[in-house]
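Here are my notes on the model you sent.

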Amino acid sequence: MDKVLEINHLTKKFNRLTAVHDINFSVEKGNVYGLLGPNGSGKSTTLGMVLNVVNPTSGSWKWFGKEHSTESLKKVGAIIERPNFYPYLSAEKNLKIVAEIKEAPLSKIEEKLELVGLLERKKDKFSSFSLGMKQRLAIAGALLNDPLVLILDEPTNGLDPQGIIQIRQIIQKIASTGTTIILASHLLDEVEKVCNHVVILNKGKTVYSGSVETMSAGLGFFELGASNMTDLVEALHTLPYFNKITQGAYWVTAIIDKDIEPSELNRILFEKGISLNHLVKRKESLEQQFFNLIKNQN
């Protein structure tokens, strides 16, 4: 697939603080990428560099195969700060100013207002909008020149649940048109619902880059119970299927290293004299995998 963005060994230092450390990943056309990580992980700094807002310490990037091309950035729409419009102008008049700056046709204004659900409020002043409406207007502004790529930095920050759902639906609608989207967030639920690829940053380093599906495709774990938990743990340690076995208050958790069906595990343990009273095979949630990746780096 065509790569719209390639990042190579990108590093940014602020005096003694290394905000981004030697990161590498690429973004392929037509996908929704989640740039995921805790606050302070380097997401915004990374986006600032590829948008020519922050100067890198070292490394490089290419938009559409061209390195440091200002012309290429005309194909990129971005919202990396809180929406900033003239408060006493209407939504329509604010977008007219943006359209003139972007050299976009004025005919696009109503089209984009309709896309973000604000067409009926086009005559209303920006100051009368809720935070969610302001964010939606900013998305409309970023889309006026029909960019090939849309970058959103924490687009649902501070929004109520309804506002979050509205932004999520708009992102899905934009993605369905073939626009490539890069979404930076610290909210895993947000990324999981709208993204098909994810890049996880922690302390400025990449800890995972790949599809959401692959990340959640681990073998999972078993929850097991028996009348004699000590014997159960000892029996599990003799088997080649698990890489970690933990005894909790109620169940034994066995992380699967080599796949095995529950019925087969039950049979093997029964032959070892263990009668199970609880046996459940579970998949690790994406959330748990995320926290495991972050924990392993700390």
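**Cavity and sheet**

1. The lining of the largest cavity comprises four nonpolar, one polar and two charged residues (nonpolar: Ala, Val, Leu, Ile, Met, Phe, Trp, Tyr, Cys and Pro; charged: Asp, Glu, Lys and Arg; polar: the others, Gly among them). The lining residues are T156, I164, I167, R168, I171, E190 and V194. A cavity is a set of points on a 1 Å grid over the protein atoms alone where a 1.4 Å probe fits but cannot get out, and lining residues have an atom within 4 Å of a point.

2. This is a predicted model, in which local features need pLDDT of at least 70, side-chain atom pairs count only at pLDDT 80 or more, and totals for chains, interfaces and linings use all residues. Residues are numbered from 1 along each chain as its sequence is written, and side-chain values use heavy atoms, leaving out hydrogens and water.

3. With four residues, α5 gives the most to the lining of the largest cavity. Helices (H or I, at least four residues) and strands (E, at least two) are DSSP runs, numbered from the N terminus.

4. An open sheet is formed by four strands in the order β12-β13-β11-β14, with antiparallel pairing. Its edge strands, β12 and β14 (276-282), each pair on one side only. Two strands pair if DSSP finds at least two bridges between them.

5. Strands β12 (residues 242-247) and β13 (residues 252-256) run antiparallel and are joined by five bridges. F242 is opposite I256 in β13, and a hairpin of four residues connects β12 to β13.

6. β11 (residues 221-226) pairs with β13 over four bridges, also antiparallel. Here F222 stands opposite A254 in β13.

Technical notes: On a 1 Å grid over the protein atoms alone, a cavity is a set of points where a 1.4 Å probe fits but cannot get out, and a pocket is an open set with protein on both sides within 12 Å along at least five of seven lines; lining residues have an atom within 4 Å of a point.
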